[in-house]
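These are my notebook entries on a structure that I looked up for the first time. I set down each point in the order in which I checked it.

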Amino acid sequence: MSFVTIKDIAKEIGVSPSTVSRALRNDSNIKEETKLKIQALAKELGYEPNYIAVSLKQKQSKTIGIIVPEMITTFFITIIDAIQEKLSNSGYKIIITQSRENADIELNNLRLLETYRVDGIIMSICDLNKNAEEYLRLINKGIQMVFFDRLPSIDAPKIGINDYTKAFFLVQHLILQGRKRIVHLAGPDYLQNAIDRKKGYIDALKKYKIAIDQDLIISAGINYADGEESVKRLIEKDKKEFDAIFCFTDILAIGAKQYLQKKGYKIPETIALAGFSGSFLSSLIHPQLTTVEQPLVLMGHNCADLMLEKIKSPTLPNKTIILDAEIKYRGSTDFV
């Protein structure tokens with residue numbers, strides 16, 4: 001594939017490349033007749049500016065990279081849409097990639113965005129530690145980075161919620177509903193929000209002097225199939241009795257719910273079920289899922305705002321913004 005260049009237009013008309021460049025920028029110092037002729041030919045030939053070359057010259061690409069673990073659920077899609085809305089209004093383009101919950105793919109995405117000379121990267125990580133040195137290298141190189149939802153331990157701009165507090169109060173709600181044998185389908189221990197939510201679960205049980213049964217804390221994983229398989233194993237293999245489940249994410253909870261209902265368990269009569277994240281899916285199922293609803297659009301807007309601030313003033317102190325989230329009590333835990 002060949003692309004029309006400024007030199008091609010200059011040669012066709014018989015002027016210098018610099019004259020073509022200035023005419024395409026609508027420079028008032030170029031004769032109107034020459035300018036119109038150049039612009040007409042550029043349109044006829046389908047000329048498009050070489051944005052990579054422009055970014056090399058201006059030392060700014062006006063492009064932001066986004067990396068998320070997945071784009072299957074509405075959680076990350078909603079946040080990406082909010083980021084794009086804000087950045088587009090400020091004249092920025094975005095490049096979206098996904099790590100597929102794999103630190104090696106995430107690393108490849110980081111390096112890909114670096115080669116495209118993005119001005120910054122907004123991301124939700126898939127591992128607390130594995131690529132931390134790479135984040136620091138890119139920041140030291142001058143690529144601004146903003147992290148959201150799943151946060152690293154490095155000093156950088158971050159947007160999240162108080163995962164511990166919301167998990168604590170959600171489990172407390174289950175206890176006050178009379179639930180004493182509460183399963184936790186925990187997320188991976190290499191994610192900080194999974195660690196914080198598990199701690200909230202444990203501390204709520206301790207407050208009400210309910211013994212911590214390690215057999216009821218399941219390292220479940222992240223996706224729908226993980227939720228389904230974890231509950232299946234708990235019932236069929238481990239034969240554990242329980243009356244509630246608190247899940248790391250909504251998608252885990254929906255997987256667990258699918259298996260429970262298939263086996264004839266009634267929700268919430270027999271088993272109460274709660275998730276975390278507040279994705280759109282939580283309100284589509286029956287009964288609707290009790291969950292911690294995060295302000296996804298606000299989170300996306302904050303990501304964009306922090307990025308624009310850091311691009312404009314790179315020496316600004318790094319902010320950590322903790323947004324409020326709301327516990328939505330619904331039919332999966334409450335009789336309605």
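Buried here means under 20% relative accessible area, exposed over 50%, and partly exposed in between, with a 1.4 Å probe and protein chains only. I recall that side chains in a regular strand alternate between the two faces of the sheet.

On the source, I note that this is a predicted model, in which local features need pLDDT of at least 70 and side-chain atom pairs count only at pLDDT 80 or more, while totals for chains, interfaces and linings use all residues. Residues are numbered from 1 along each chain as its sequence is written, and side-chain values use heavy atoms, with hydrogens and water left out.

**Entry: the sheet.** I next traced the open sheet, in which 6 strands follow the order β2-β1-β3-β4-β5-β11 with parallel pairing. From one strand to the next, the twist averages 15°. Strands are DSSP runs of E with at least two residues, and helices are runs of H or I with at least four, numbered from the N terminus. Two strands pair if DSSP finds at least two bridges between them.

**Entry: bridges.** I found 4 bridges between β1 and β3, where glycine 65 has isoleucine 121 as its partner in β3. Another 4 bridges link β3 and β4; there methionine 123 is partnered by phenylalanine 147. Phenylalanine 147 also stands opposite lysine 158 in β5. Strands β4 (residues 144-148) and β5 (residues 158-161) are joined by 2 bridges.

**Entry: helices on the sheet.** I saw helix α6 (residues 103-115) lying across β1 (63-68), β2, β3 (120-123) and β4, at about 175° to β1. Helix α7 (residues 132-141) lies across β3 and β4, at about 140° to β4. Axes are lines fitted to C-alpha atoms, for helices over the stretch in contact (heavy atoms within 4.5 Å), and angles run from 0 to 180 degrees between N-to-C directions.

**Entry: leucine 273.** I located leucine 273 in strand β9 (residues 272-274). Leucine 273 counts as buried because its relative accessibility is 0%. Among the residues that leucine 273 touches are Ile245, Cys247 and Leu289. The C-alpha atoms of leucine 273 and leucine 289 are separated by 7.2 Å, although these residues are 16 apart along the chain.

Key. Lists of a residue's contacts leave out its neighbours within four places in sequence.
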